[in-house]
Amino acid sequence: MQDVALPLLKKERFNFDIKWLVIGGIVAFLLVFQVFPLLYLVFRAFFSTGTFSLGALKRMYSYPLNWDAFTNTIITASLSMLFGIMIAFPLAWLVGRTNLYGKKFFRTLFVMTYMVPPYVGAMAWLRLLNPTVGNLNVFIQNIFGLDKAPFNIYSIGGLVWVLTTFYYPYAFITISRAMEKMDPSLEEASRISGSSPFKTLRTITMPMMAPSIVAAALLVFVSAASCYGIPSIIGAPGRVHTVTTRIIDYVYIGSQDGLTDATTLAFFLMIIANIVLYVSTFVVGRKQYITVSGKSTRPNIVDLGRWRLFFTVLITLFAFIIVILPFLTVATTSITINMGKGLSMDNITFLHWERIFTRKSIIQSGMNSFISASIAATAGMVISCVMAYLLIRTNVKGRRIPDFLITVGSGTPSVVIALSLIMAMSGKFGINIYNTLSIMIIAYMIKYLLMGMRTVVSAMSQISPSLEEASQISGAKWLRGFKDITIPLIIPSVVAGWFLIFMPSFYELTMSTLLYSNNTKTLGYELYTYQTFHSQQTASALATAILILVIVVNWLLNKLTAGKFSV
Amino acid sequence: MSSITINKVTKYFDKVEVIKEFSELIAEKEFVTLLGPSGCGKTTMLRMIAGFEKPTSGEIHIGNTVVSSAKKFVPPEQRGIGMVFQSYAVWPHMTVFENVAYPLKIAKLSKSEIKAKVERVLETVHLGPYSHRIPSQLSGGQQQRVALGRALVSEPNLLLLDEPLSNLDAKLRESMRFEIKEIQKKFGITVVYVTHDQTEAMAMSDRIIVLNHGLIQQIAPPTEIYCRPSNKFVADFVGKVNFLKGEAKIGKIELSNIGQSIPYQGTYTGKVTVAIRPENIVLSPSDPNSCPGGILEGKLLAMFYLGDINDCRIAINNDIIRVIAESNTFNTLKEGQNLSLGIKNILVYEEKSE
Ligand SMILES: Nc1ncnc2c1ncn2[C@@H]1O[C@H](COP(=O)(O)OP(=O)(O)O)[C@@H](O)[C@H]1O
Ligand SMILES: [Mg+2]
C-alpha cells in the first residue's frame with residue numbers, strides 16, 4: 001500500500017506546482033496590464049496635482065462640459081435600458097414561448113444583431129433620420145404631407161433610439177436564455193392550480209424571471225453608457241456629448257488639464273460599471289433560480305390563437321425597421337454615387353467597393369486589425385482553455401482570482417481600459433508599448449477574454465470528469481490528459497470562442513481610437529474616419545463587408561455547435 | 001363526481017402516433033396506474049387528462065363534463081384537478097406556505113380560510129414546521145410533499161401524479177407510497193398515477209393499465225396482471241419470468257430447447273411460448289403431486305444469496321432457467337449438482353406464425 005500511495009502523492013504535489021505556475025502567469029499578466037493601469041487611473045483622479053485633492057472630482061460638477069456629458073450619459077443609458085427591456089421581454093416571450101410563425105428565423109436575426117458593430121447602426125440611422133435629407137424622414141414627410149421632417153437623429157432622442165436598437169439584443173439574449181432554462185412544469189403547476197395563461201405569466205413566469213430581467217437591464221445600461229461608436233457618429237454633430245466622446249476629445253487635445261478631466265470622467269464611468277457588475281453578479285446572480293428540471297424540458301408553447309398572425313406581422317415589421325432597414329441602408333449607401341439622389345441605375349457605382357479592396361491605407365489597417373484580433377483571440381483562447389480547466393476540473397486554491405480579474409476586465413468600459421493603458425504603459429513605469437500593436441492586442445484581450453472563457457467553461461462543464469480521470473488512470477499527466485481528451489471534445493466551442501474574441505476585436509473602434517498610431521491604424525478607426533471626414537459611401541462599403549463577415553461567422557458558429565450556440 | 005371516461009383517444013406528435021386508440025373508464029375514487037416503459041406515452045396520456053395536450057382525436061370526460069372533444073376543449077385551469085409533477089415544480093420564489101396557498105388565492109378565498117386550509121394540508125403532508133421555508137432549503141422529499149400539498153389543498157376530486165417518487169431514494173419512496181395511498185383514502189379522491197416502476201404500481205393501484213408503444217396491453221387489478229398477464233410483454237414487464245419455446249400437442253408441450261415435455265390441458269396447438277415465474281418452481285419437490293405443471297430435470301449452474309431468497313440458475317440442455325428458492329437452500333445445495341424442478345404453474349402464449 002505504502003509503495004503505491006507514495007509516488008501518487010508526489011505526482012499530485014508536482015501537478016500542483018504547474019497549476020500554480022499557470023495561474024501565477026495569468027494573474028501576473030492581468031496585474032500588470034489590467035489591475036495596475038486601472039489603479040493608476042484611480043490614483044490619477046485623486047492625485048492629479050501630486051498631492052491628494054478632490055479638485056478633479058469637483059470639476060465634474062463645476063465644469064459644464066463634464067457635467068453635461070455625465071448627465072447625457074446617464075439619461076441616454078437609462079432610457080435605452082428602459083426601452084430595451086420593454087422590447088426584449090415581450091420579444092423573448094413571443095419568440096421563445098409562443099407559436100409565432102418563423103420563430104427560428106426571428107431568433108437568429110435578433111441574436112445576430114448582437115455581433116454587428118454598433119457604429120453600423122449609427123451610420124444607417126444617420127442616413128435614415130437626418131433632419132433634412134434622411135430617407136425615412138423624407139418618406140414619412142411625403143406620405144403625411146408634413147412641412148418639416150418628423151425626426152432629428154442629432155438629438156438625445158436620436159441617440160436613445162440608436163442605442164436601444166443596438167443594445168436590446170443583449171437583453172433579448174439574457175432573457176431568452178433564462179426563459180429556456182425554466183422548467184415548463186413550473187408554469188403547468190400554476191395552470192392546474194387554476195391560473196389562466198396570462199395570470200401564470202404574471203404571477204409565475206415574470207417573478208421567476210425578475211433577476212434575469214434586472215441583470216439584462218443592467219447590462220444594457222452599462223453597454224449603452226460605455227458606447228463610443230454611436231454617440232461619436234450621431235451625438236457629436238448634434239453637440240450631444242457623452243462621457244465616452246468627451247474622454248476621447250480630451251485625450252486628443254492632450255493637455256494636462258484635458259487628461260485630468262478625461263481621467264475623472266473615466267473614473268466615474270468605471271465606478272458605474274463596477275457597481276453594475278457587482279450588483280448583477282453578486283446580488284442578482286445569487287437570486288437567479290436554478291431550476292433543476294425533469295427530463296421533459298420542452299417549453300410550453302402558448303397558442304396565440306387569433307393573435308398569431310397579428311403578432312407575426314408585428315414582429316416582421318419590427319424586424320424590418322430595426323434590423324433589415326438599417327442594414328439595407330448601409331448596403332445601398334455603399335453603391336451610391338450621389339447620396340442626395342435616390343437609388344437608380346445611373347446612381348450606382350462599385351467604386352467604393354473597389355476602393356476598400358485596393359487602397360493601401362485601408363488594406364494596411366485591415367491587416368493590422370486582422371493580426372491583432374487573431375493574436376488576441378488565440379492567446380485569449382489559450383488562457384480560456386486553461387482557466388476553464390482550472391475552474392471546472394480542479395479545486396486549486398486561487399483559481400478564482402484570475403476568473404474574477406477577467407470578469408472585472410470585461411466589465412470595464414473600453415474607453416477606461418484604453419485610457420488607463422495609455423497612462424500606465426507609455427514608459428512612465430518602465431514599459432512603453434504605446435504606439436505598438438501590442439497595446440492594442442492587450443486591450444482587446446482584457447475586454448473580450450471573458451466571452452471566450454465563458455464558452456469554453458460551459459462546454460467543459462458538460463463533459464463528465466470521468467473521461468479525464470480515465471486518462472489519468474492510464475498514466476497521463478493532467479496537461480497531457482487535457483490535450484488528448486478534453487481539447488478534442490471541446491474543440492467546437494474553442495473555435496466558437498475564438499471567433500467571439502476575434503470578431504469584436506477585428507472591428508473594434510473605441511479602444512483603437514485611443515490607442516492607434518500612424519502605423520497601427522485599425523479597420524474600425526479607418527471606417528470611422530471615412531464616415532466622418534471623407535466618404536460615407538466608402539465607410540458603408542467597409543461596414544457592409546463587416547456585416548457579411550458577421551453573417552458568415554454566425555452561420556459558422558451555428559454549424560459548429562449544432563445550433564446550441566450562436567452569438 | 002370525478003370518474004374519467006376516455007373514449008377512443010389518439011395522439012400524434014407531428015406524424016408519430018404516441019397514443020393509439022385509448023378507451024377506458026376510470027371509476028370515482030379509484031386508484032388507477034398507467035404503467036409502462038419509458039417513452040410509451042404515459043405522460044402524454046396524463047397530460048391529455050390534465051389538459052396540457054389536446055388529443056388528436058377522441059373524447060375525454062371528467063364526471064359528466066366533456067373536457068376534451070373535437071368541438072370542445074376545457075383548459076387545465078378550469079378542470080379542477082390536482083397534479084404532482086415529476087420535477088415537483090415547486091416555485092422557487094415562494095415560500096412553502098405561498099406555494100400551497102396559490103390555488104386558493106387564485107380561487108379568491110379569504111385570507112383566514114386560506115390560512116386554515118393550508119395549515120391543515122401542511123399537517124397532512126408533515127410539513128407543518130416548514131411553512132416559511134423557501135424551497136431551496138428543502139430536501140427532495142420535502143419538496144415532493146410541497147407539491148403534493150399544493151395539489152391537494154383545493155380538495156380536488158381528481159389527482160394526477162406523474163412519476164412523483166422517481167427522484168426520491170429507495171427508503172423514502174416506500175414510505176411515500178404508503179402516505180399517498182393513505183391520503184387517497186382519507187380524501188376519497190380519484191387518482192391517476194404514472195410510473196415505470198412495477199412494484200410501485202402493484203403496491204398502490206386498484207387497477208393497472210399497462211401501456212407499450214402507446215397501445216394498451218392489459219387493464220386489470222394487480223393480482224390479475226401478475227398471475228394472468230394477457231401477453232408476453234406484460235408477463236415480462238411485470239415481475240420476473242422464464243420464457244421457454246415449445247410445441248403444443250394434445251395433452252403436452254414439448255419444450256424444444258430443453259428436450260423435455262410438460263403436461264398441458266389448454267387449447268393451443270403448434271408453436272407456443274411457455275412463461276414460468278421463478279417462484280412457481282420448486283427445487284427437488286418432495287411431493288410431485290403439488291406440481292401440476294410437471295417436472296423437469298436440470299443441473300444447478302449458479303446460486304446468488306440475496307438474504308431473503310436464494311436466486312438460482314439451472315441449466316437444462318440449451319436453456320437456463322431462473323428459480324427463486326428459499327434462502328436456506330443456499331447451504332444445502334451445491335453448484336453443479338443435478339436437480340429436479342417441480343413446476344407449480346405455467347402461462348402459455350400462442351406464437352403467431354408469420
Ligand atoms: N411535445 C412533444 N413533441 C414531440 N414528441 C413528444 C412530445 N412529448 C412526448 N413526445 C414523444 O412521445 C413519446 C411518449 O412520450 P411520454 O408520454 O413522455 O412517455 P413516458 O411518459 O411514457 O415516458 C416519446 O417518444 C416522446 O419522445
Ligand atoms: Mg413520463
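A residue is called buried here if 20 or more other C-beta atoms lie within 10 Å of its own, with C-beta atoms placed from the backbone. The legends below use the word in that sense, and they describe a predicted model.

**Figure 1. Helix 1 of chain B is mostly covered.** Of the 9 residues in this helix, 9 are buried. They are B:Lys42, B:Thr43, B:Thr44, B:Met45, B:Leu46, B:Arg47, B:Met48, B:Ile49 and B:Ala50. Just after helix 1 of chain B comes B:Gly51, whose phi is positive, at about 100°.

**Figure 2. B:Met45 and its surroundings within chain B.** B:Met45 belongs to helix 1 of chain B. Why does B:Met45 count as buried? There are 28 C-beta neighbours inside 10 Å of B:Met45, and the cut-off is 20 or more. Leaving aside residues up to four places away in sequence, B:Met45 touches B:Ile19, B:Phe22 and B:Leu34. Between B:Met45 and B:Val18 there are 9.1 Å in space, C-alpha to C-alpha, and the two are 27 residues apart in sequence.

**Figure 3. Ligand 1 lies between chains A and B.** The shell around ligand 1 is made of 11 residues, and the closest are B:Phe13, B:Val18, B:Lys42, B:Thr43 and B:Thr44. Which element gives the largest share of this shell? Helix 1 of chain B does, with 3 residues. Sorted by class, the shell around ligand 1 holds 6 polar, 3 nonpolar and 2 charged residues.

**Figure 4. Helix 8 of chain A is largely enclosed by the rest of the structure.** Helix 8 of chain A spans residues 184-192. Because 9 of its 9 residues are buried, the helix is largely enclosed. The buried residues are A:Pro184, A:Ser185, A:Leu186, A:Glu187, A:Glu188, A:Ala189, A:Ser190, A:Arg191 and A:Ile192. What do the buried residues of helix 8 of chain A pack against? Their partners are helix 9 (197-226) of chain A, together with helix 1 and strand 6 of chain B.

Figure 5. Chain A contains 23 helices and 0 strands. Of the 567 residues in chain A, 46% are buried. Among its contacts between residues at least 6 apart in sequence, 78% join residues at least 24 apart.

**Figure 6. The two assigned domains of chain B.** The domain assignment of chain B gives domain 1 (4-236) and domain 2 (240-350). The centres of domain 1 and domain 2 of chain B, taken over C-alpha atoms, are separated by 39 Å. In the contact of these domains, 5 residues of domain 1 of chain B meet 6 residues of domain 2 of chain B. On the domain 1 side, the residues divide into 2 nonpolar, 1 polar and 2 charged.

**Figure 7. A hairpin of strand 9 and strand 10 in chain B.** Strand 9 (residues 207-212) and strand 10 (residues 215-220) of chain B pair in the antiparallel sense over 5 bridges. In one of these pairings, B:Ile208 has B:Ala220 in strand 10 of chain B as its bridge partner. There are 2 residues between the strands, and B:His213 in the turn has a positive phi of about 45°.

**Figure 8. An open sheet of 5 strands in chain B.** The strand order is 15-19-16-17-18, and the pairing is antiparallel. Strands of a sheet pair through backbone hydrogen bonds. Which strands lie at the edges? Strand 15 (281-283) and strand 18 (319-326) of chain B do, since each pairs on one side only. From one strand to the next, the twist averages 45°. Strand 16 (residues 295-305) and strand 19 (residues 338-343) of chain B are joined over 5 bridges. Within this pair, B:Leu296 has B:Leu341 in strand 19 of chain B as its bridge partner.

Definitions and conventions: Residues numbered from 1 in each chain as written. Chains lettered and ligands numbered in written order. Predicted model: local features only at pLDDT ≥ 70, side-chain atom pairs only at ≥ 80, totals over all residues. Helix = DSSP H or I, 4+ residues; strand = E, 2+ residues; numbered from the N terminus. Buried ≥ 20, exposed ≤ 12 C-beta atoms within 10 Å, placed from the backbone. Contact = placed C-beta atoms within 7 Å. Near = placed C-beta within 6 Å. Nonpolar A, V, L, I, M, F, W, Y, C, P; charged D, E, K, R; others polar. Domains from an automatic or database assignment. Pairing = 2+ DSSP bridges. Axes fitted to C-alpha atoms, helices over the stretch in contact; angles between N-to-C directions.
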